[in-house]
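Notebook open, structure on screen. I'm going to look up a few things one by one and jot down what I find.

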Amino acid sequence: MLDNFKIMWHQGKQFIPDVTTAKVPGIFRGRPVISNASVDVVRLVDLCPTRAIASGAGAGIGTGVSIDLGKCTFCGECAVQFPEKIKFTDDYKLSTNERERLIIREGAENPIIVNPATVRKEIHRMFGGSLKLRQVSAGGDNSCELELNAANNVQFDMSRFGIDFVASPRHADGIIITGPITKNMAGALEICYNAIPDPKIIILAGTDAISGGIFADSPELNREFIDKHHIDLYIPGNPVHPLTFINGILSLLSKNI
Amino acid sequence: MRYTSIYNNQSISLNDIPELGYTEFLNVNCGLLSENPQRHCVNFFGYKTGEVVRLLCCIADDTTHQIYLSSSIIEPDSSLPSFTAQNHNFEKFEREIHENFGIKYSDHPWLKPYRKTENYTFLRSESEELNEVGVGPIHAGIIEPGHFRFICNGEQIMHLEIQLGYQHRGIEQLFLQKKKLLERTTLAENIAGDTTVGHTTAFVNLWESLCGYTPDISLDFSRTLALELERIAVHTGDMAAICGDIAYQLGNSVYGRLRTPIVNFLQEWGGNRLAKGLIRAGKINYPFTKELATRLSEVFQQFEPDFDEISEKLFKLPSALSRMEKTGIVSYEEVVEIGTVGMSARMSGLNRDIRTSHPFCLYGSVIEHNPVLKRHGDVYSRVQIRKEEIKQSITYIKKLLADVPDFKKPENILLTPAGGKFVLTLVEGWRGEICHCAITDNSGNLILYKIKDPSHHNWMALAQSVRNNEISDFPVCNKSFNLSYCGNDL
């Protein structure tokens, strides 16, 4: 008994007191900032393994370079080869409810936010106090799963906010998908989603889930589910950092304001 | 010549691999394994050349440090006697060949689908006394999908059938489809997120060998260091999860939080907690500095006392020991027959460790590795191996830190793969032996990329281990193996 207390005492204070302001140690590839330096744009665009970097007309509006964090694998190669053009900041707050907000444009330094105006009204009312999620792993590489598990360890301690993962979809308020969604998982995913009572939310965690990531061109995927349903939250990362995840959910539930 | 021999990470001309008639091919390879536990099959696969299929078999010999290669040309859809009928090591390989090329094996004991999940009928028992329990593909936790079908007598498991393939996303095909090195490296990083360093190291070692590039010591240093850090991180996380499965909350919390400083160190070094972006062919974007070496020593200074304290407690705790000892046993004879690798071999006294048998990077030179062996093959052995390997890895890392080599500024070197080559790379990841093979055509284009995660061999050991155990012990058995679904499904 006494050694149990001793062990507990030796751990010291492990939990992160404020997950919304915590600093990540060392270097971290979070929200990128793109300068207006002129570089060999063709080579830069060609460098990206997932075609997340676009320029000019390809970027949608205006000219200049943009990075789509829904496609980016955060490998950092562009920042290594074009340090004057692209920098990854340690801002881990990357989640949003609108897909377009994941596209970072040249010169933009503003944070990525959840747009309160477009969040479904029932989300804060129904889930603001407690949110139970059913996670479905659909063809990923198990890295986002590791980080989602880590989000509930004693340091990140997500359950202090009333956010938990549950085993049964019947107990869940929503589904969180990791992985690019393989053909072999498409059926099970649909069944799981249908088993969750209304109203329910859908969260995509990780680059693979948001765009297919490096697997986007594979004939073994079936992403109909994504096209068919409204997505409530996009959480980029490869894998998602626990702080990115927790902050994303808190913003969606407007618990951090 | 009935087979040709290569060393780990050696590329040879494709034409140098002898082509045998199928019967001789079968006899040679089954003969090599017969009564020889120091030999096992590291890869066995087919690929289309023109209208026919060429089968290629790679047998590793732990005593000579060599890999024996032989091949045979067969017609697709032909019916052949199976290797598996003589040796169960080949069971999954032949199921995969059957699924990919329609080869019918006349005497394969169970030619069930390998990665196909549709309309599969599981083995059934006609008995009215027995009940079936089906679990998955979605499980009660944040884990990967797979289907487990138990046949039980009350609470007791009589048989477990594991059906995988839900994570199949076509990685091997994508390796051929995507031509750029960075695309392929990213693919390798996403084979299995818990073994990012292991699989990426296998890929870059293979690629450098194929391109005739010899990495300098700083690259080998980084890969060895990252492999050992990954081993510590995953083993620690596994010990947390095992404590969770036996309802030992203190162990779960303490081991769980001890994983964090290790993965956070990987982030300090390379910007990602799972070391994505760190290992690159011909360069490293994040040189390991003297400051990082000091930081890592500090991390261990804090890690070790807390790790030792909780481990001492766990290994003395009667309620924990009673859940781990004699639970999920796989005997030496069984692991030899199944052909397990890595931890799942060493738990039962079968000495398989690529770090000693087929050394790569700094193993065999700077690090003289001595595999941790246990005899009982139960959950307890697997937990003991983890604890001792964590301590061992820390010792190795301290040795590495004593002599940090100079790092060059990262620059892109033009790596061009040679034509008409076959190359095979083995890496000991934390889970066991990873094998990557590649074949190029005459102009140096990839025509085959073959990945084998250690889980491929080891899933059958999990199915064996739970027999006659209570079904409530399945989670702790499963976690003590911690096999990869995505690495198997590709």
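Helices (H or I, at least four residues) and strands (E, at least two) are DSSP runs, numbered from the N terminus.

Before going on, I noted what I'm looking at: a predicted model, where local features need pLDDT of at least 70 and side-chain atom pairs count only at pLDDT 80 or more, while totals for chains, interfaces and linings use all residues. Residues are numbered from 1 along each chain as its sequence is written, and chains are lettered from A and ligands numbered from 1 in the order in which they are written.

Next I checked the length of helix 5 (residues 196-210) of chain B. The expected span is 1.5 Å times one less than the number of residues. For its 15 residues that should be 21 Å, and the end C-alpha atoms are 21 Å apart, which agrees.

Is helix 5 of chain B mostly covered or uncovered? Mostly covered: 15 of its 15 residues are buried. A residue is buried if 20 or more other C-beta atoms lie within 10 Å of its own, exposed if 12 or fewer, and partly exposed in between, with C-beta atoms placed from the backbone.

**Helix 14 of chain B**

I moved on to helix 14 (residues 455-465) of chain B. Nine of its eleven residues are buried, so this helix is largely enclosed by the rest of the structure. The buried ones include His456(B), His457(B), Trp459(B) and Met460(B).

**Where the chains touch**

I looked up the contacts: 49 residues of chain B are in contact with 49 residues of chain A. Contact here means that the C-beta atoms of two residues, placed from the backbone, lie within 7 Å. On the side of chain B that touches chain A, helix 3 (171-177), helix 4 (181-189), helix 7 (249-270) and helix 8 (290-314) each supply at least two residues. Helix 7 of chain B gives the most, with nine residues. By class, that side of chain B has 18 nonpolar, 20 polar and eleven charged residues. For the classes, Ala, Val, Leu, Ile, Met, Phe, Trp, Tyr, Cys and Pro count as nonpolar, Asp, Glu, Lys and Arg as charged, and the others, Gly among them, as polar.

**A sheet in chain A**

Over in chain A I found an open sheet of five strands in the order 7-6-8-9-10, with parallel pairing. Strand 7 (163-165) and strand 10 (233-235) of chain A are the edges, each pairing on one side only. Two strands pair if DSSP finds at least two bridges between them.

I zoomed in on strand 8 (residues 174-178) and strand 9 (residues 201-205) of chain A, which run parallel and are joined by five bridges. Ile175(A) has Ile202(A) in strand 9 as its bridge partner.

Two cis peptide bonds went on my list. One joins Asp198(A) and Pro199(A), with omega about -10 degrees, and Pro199(A) lies in the loop between helix 6 (183-194) and strand 9 of chain A. The other runs from Gly136(B) to Pro137(B), with omega near 10 degrees.

I also looked for positive phi in residues other than glycine. His65(B) has a phi of about 65 degrees, in the loop between strand 5 (52-61) and strand 6 (66-74) of chain B. With 15 C-beta neighbours inside 10 Å, His65(B) counts as partly exposed. Ala247(B) has a positive phi near 60 degrees and is exposed, with 12 other C-beta atoms within 10 Å.
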